[in-house]
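Here is a friendly walk through one protein model.

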Amino acid sequence: MHQSQHASSQVSATGPSGSAAASRPWSAQVCRGVDLQSLYALVYLVVANLIAGVLNLPSVAAALGIARQPGLADLLGDLVMLVFLFGTRSQDLRGHGTNPVQYKAQTNPGPAVLIGAILLIMLASSIETGFTWVVNQGSQALGLVYHSTTSQIAAGQHGFLSPLDTAILVPVVEEFLLRGVVMGRLRPYGRTFAIVTSSFIFACLHGDITQSLFTFLLGLVLGVIAMEYSILWSMALHIFNNLILADAMMWLTQTVPARTGSMINQGMTLLGLIGGLVVLWLIRGQLADRLRANRSRPGTYKGWVSLGLAVLVALAVVNAAQRFSLA
């Protein structure tokens, strides 16, 4: 897509935390940074679930008048989480502080970059489709039924508020959290490290074996776009994915005959697979240059041996296991 015009993300020997952190080994500094961002994401997840649980209580829903409005509770919950993000990471999200969110860039992505990013997102979706088929086949062989997040979201899309939440508000909130706060605070340890680690945390938050694979790959694409061109562009692509590639395509395939819907899905999967692989082939040299230019210091990836990240992974495994039930 676009070759990085930025210098390598090497940081000084004092590390991102200044002289106080200089006395610790580099890998320990990175581990602490990963710990803090993993735990922040965990707190976000816990608060989001608590808010959703409270808003869906019959007494609370009746008092707020949201019981008969499908999707309104989720919409209000995500608005509360947006307030939570700005309340707890105001400096970052306002573009101030030591790790500000990047809202402007020297250059904007051209049509070729955006089309390439969309095709890569479609490739990630095609990979998810294939992996979902493998998981379903394996589950059936073991006498289990796999309940994917995607199918649950499809079943819960009623009225206009549900799509408004999942297609618009959710991408905005997730971009502020992952490509804004988490990736921004991990950036001093290396740009590539920040993109990969924030994408992995993004995947863990979904707690679904198939959707987590997709969100990890999606996070890589959005992370590069946010790092190179600003979070506003990654937000726009995230909204495009949820609104067009997910919700609109789901609505289209459900309104046409089943055979036609199946053909549309297969065509999109094939387009994503071929188009995405072509894009990867065309940018292979730029990717190699980018990885070389943004190498992290030796020992940086030892920071993944983090208690906070381990807790997130364990929680994701538990959530994923709960999506399987006896046939």
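This is a predicted model: local features need pLDDT of at least 70, side-chain atom pairs count only at pLDDT 80 or more; totals for chains, interfaces and linings use all residues.

You will find Val-256 in the loop between α11 (231-255) and α12 (258-282).

Who does Val-256 touch? Setting aside neighbours within four places in sequence, the contacts of Val-256 are Gly-261 and Ile-264. Both names come up again where α11 meets α12: Gly-261 and Ile-264 are among the α12 residues in that contact.

## The chain as a whole

Stepping back, the protein chain has 327 residues, and 44% of them are buried. The chain holds 14 helices and two strands. Among contacts with a separation of 6 or more, 80% join residues 24 or more positions apart.

For α11 and α12, the axes come within 9 Å and cross at roughly 150 degrees. An angle over 145 degrees counts as roughly antiparallel, so α11 is roughly antiparallel to α12. From α11 the contact takes Leu-245, Met-249, Leu-252 and Thr-253, and from α12 it takes Gly-261, Ile-264, Asn-265 and Met-268. Sorted by class, the α11 and α12 residues in contact are five nonpolar, three polar and no charged.

On its other partner described here, α11 packs with helix α10 (residues 209-229) at an angle of about 145 degrees, and the two axes are 7 Å apart.

## Helices α4 and α8

Now turn to helix α4 (residues 72-88) and helix α8 (residues 161-186), whose axes come within 9 Å and cross at roughly 15 degrees. Angles under 35 degrees count as roughly parallel, so α4 and α8 are roughly parallel to each other. The crossing of α4 past α8 is left-handed. On α4, the contact residues are Leu-72, Asp-74, Leu-75, Asp-78, Leu-79, Met-81, Leu-82, Leu-85 and Phe-86; on α8, they are Leu-161, Leu-164, Asp-165, Leu-169, Val-170, Val-173, Phe-176 and Leu-177. The contact of α4 with α8 has 14 nonpolar residues, no polar ones and three charged ones.

## Leu-178 in α8

Leu-178 also belongs to helix α8. Is Leu-178 buried or exposed? With 1% relative accessibility, Leu-178 counts as buried. Beyond residues up to four places away in sequence, Leu-178 touches Met-183, Ser-198, Ile-201, Phe-202 and Leu-205. Leu-222 is 44 residues from Leu-178 along the chain, and their C-alpha atoms are separated by 9.8 Å.

## What the record marks

An unreviewed UniProt entry annotates "transmembrane region" at residues 42-64, 71-90, 110-135, 193-225, 264-283 and 303-321. In the model, residues 110-135 are 96% helix and 0% strand, with end C-alpha atoms 38 Å apart. Residues 264-283 are 95% helix and 0% strand, and their end C-alpha atoms lie 28 Å apart.

Definitions and conventions: Residues are numbered from 1 along each chain as its sequence is written. Side-chain values use heavy atoms; hydrogens and water are left out. Axes are lines fitted to C-alpha atoms, for helices over the stretch in contact, and angles run from 0 to 180 degrees between N-to-C directions. Helices (H or I, at least four residues) and strands (E, at least two) are DSSP runs, numbered from the N terminus. Angles under 35 degrees count as roughly parallel, over 145 as roughly antiparallel, 65 to 115 as roughly perpendicular and the rest as oblique. A crossing is left-handed if the near helix is turned anticlockwise from the far one by less than a right angle, and right-handed if clockwise. Contact means heavy atoms within 4.5 Å. Ala, Val, Leu, Ile, Met, Phe, Trp, Tyr, Cys and Pro count as nonpolar, Asp, Glu, Lys and Arg as charged, and the others, Gly among them, as polar. UniProt positions are given in the numbering used here, feature names are shortened, and annotations may be inferred rather than shown by experiment. Buried means under 20% relative accessible area, exposed over 50%, partly exposed in between (1.4 Å probe, protein chains only).
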